[in-house]
Amino acid sequence: MRRRLRTAGVVAAAALGLVASAIPANAQVGTGPWTAENPSFNVQERGCGNVDGLTFELTCSTGSGDQRAERRYVTYTGGTRQFEGSFRITSMAGTRISLKQTFRDAPTAGPYFMLAVERGGRLYAVHGGETLGSGATVGTSVRVNTVHQVGSTHKVYINGSLKQTVSSSGGSYYDKFGAYRTASGAGPVKVTWSGIKFWRK
């Protein structure tokens with residue numbers, strides 16, 4: 001009897017496993033089909049920036065110079081790319097810190113999109129100053145998705161809701177996330193990211 005029960009349990013567990021595997025194991029937004037990617041990255045630490053795994057920290061209140069703690073992912077060209085990740089600010093005495101960037105690599109290098117946070121929890125686009133969300137306070141987890149169709153549009157989702165759509169030119173781009181002092185910002189700040197995923201189509 002025990003063996004029969006154990007066998008039934010194994011069959012039930014296997015059936016549950018099949019059901020679970022049929023459910024999408026990701027939370028991507030936008031229409032698919034999507035293909036998962038695992039792009040390589042470099043860690044960038046400058047000024048008072050420090051990176052420890054997926055925890056990024058600016059330890060100083062310096063309002064000048066290059067203060068950053070980030071992951072810089074490999075360049076992509078063409079197609080549609082999606083980034084997903086959740087951040088949780090664990091301490092923030094500073095303000096106006098960039099958390100996620102879509103950076104142009106060519107033909108002209110420079111920041112294309114920067115998502116930043118002010119002390120108090122307002123999320124905004126650095127270029128243009130548009131408010132993209134609120135409630136990004138210390139201890140609160142916030143999910144960010146960017147969907148970039150190169151040569152067409154760049155879309156930003158906060159906690160699954162579309163917050164911004166802007167036009168995109170062709171060229172080469174890359175994703176960055178972590179903690180970066182904007183031109184009008186300063187630390188200190190400490191933020192932990194999780195659930196980092198990438199897709200393409």
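**Note on the predicted model: cores, strands and charged pairs**

1. In the largest nonpolar core, which has 34 residues, Phe-87, Leu-123 and Trp-193 touch the most other members; a nonpolar core is a set of buried Ala, Val, Leu, Ile, Met, Phe, Trp, Tyr and Cys residues joined through side-chain atoms within 4.5 Å, and buried means under 20% relative accessible area, with exposed over 50% and partly exposed in between (1.4 Å probe, protein chains only). In soluble globular proteins, nonpolar side chains tend to be buried together.

2. This is a predicted model, in which local features need pLDDT of at least 70 and side-chain atom pairs count only at pLDDT 80 or more, while totals for chains, interfaces and linings use all residues. Residues are numbered from 1 along each chain as its sequence is written, and side-chain values use heavy atoms, with hydrogens and water left out.

3. Trp-193, leaving aside neighbours within four places in sequence, is in contact (heavy atoms within 4.5 Å) with residues that include Leu-54, Phe-56, Phe-83, Phe-87, Leu-99, Val-144 and Phe-177.

4. Strand β9 (residues 110–117) is mostly covered, since seven of its eight residues are buried; helices (H or I, at least four residues) and strands (E, at least two) are DSSP runs, numbered from the N terminus. Strand β8 (residues 95–106) pairs with β9 in the antiparallel sense over seven bridges, where pairing requires that DSSP finds at least two bridges between two strands. Three residues lie between β8 and β9 in their hairpin, and Phe-103 stands opposite Pro-111 in β9. On to strand β10 (residues 123–125), β9 runs antiparallel with three bridges, and Ala-116 stands opposite Tyr-124. The hairpin of β9 and β10 has five residues between the strands, and Gly-120 in the turn has a positive phi of about 115 degrees.

5. Glu-70 belongs to strand β5 (residues 68–73) and counts as buried at 1% relative accessibility. The side chain of Glu-70 makes a polar contact of 3.1 Å with that of Lys-176; a polar contact is a pair of N or O atoms within 3.5 Å, where within protein one must be able to donate a hydrogen and the other to accept it, and residues adjacent in sequence count only if both atoms are side-chain atoms. Glu-70 also meets Arg-68 in a salt bridge (3.4 Å, N to O), defined as a side-chain nitrogen of Lys or Arg within 4 Å of a carboxyl oxygen of Asp or Glu, and Arg-68 counts as buried at 10% relative accessibility.

6. Glu-84 in strand β7 (residues 80–92) is buried, with a relative accessible area of 4%, and its side chain makes a polar contact of 3.0 Å with that of Asn-145. Glu-84 and Arg-143 meet in a salt bridge (3.5 Å, N to O); Arg-143 lies in strand β12 (residues 141–149), so the pair ties together parts that are 59 residues apart in sequence. Arg-143 counts as partly exposed at 21% relative accessibility. Elsewhere, salt bridges that share partners join Arg-46, Asp-66, Arg-68, Glu-70 and Lys-176 into one network.

7. The count of salt bridges comes to 11, and one of them joins Arg-200 to Glu-37, with the closest N and O atoms 3.2 Å apart. This pair links distant parts of the chain, with Arg-200 in strand β16 (residues 189–200) and Glu-37 in strand β1 (residues 35–37), 163 residues apart.
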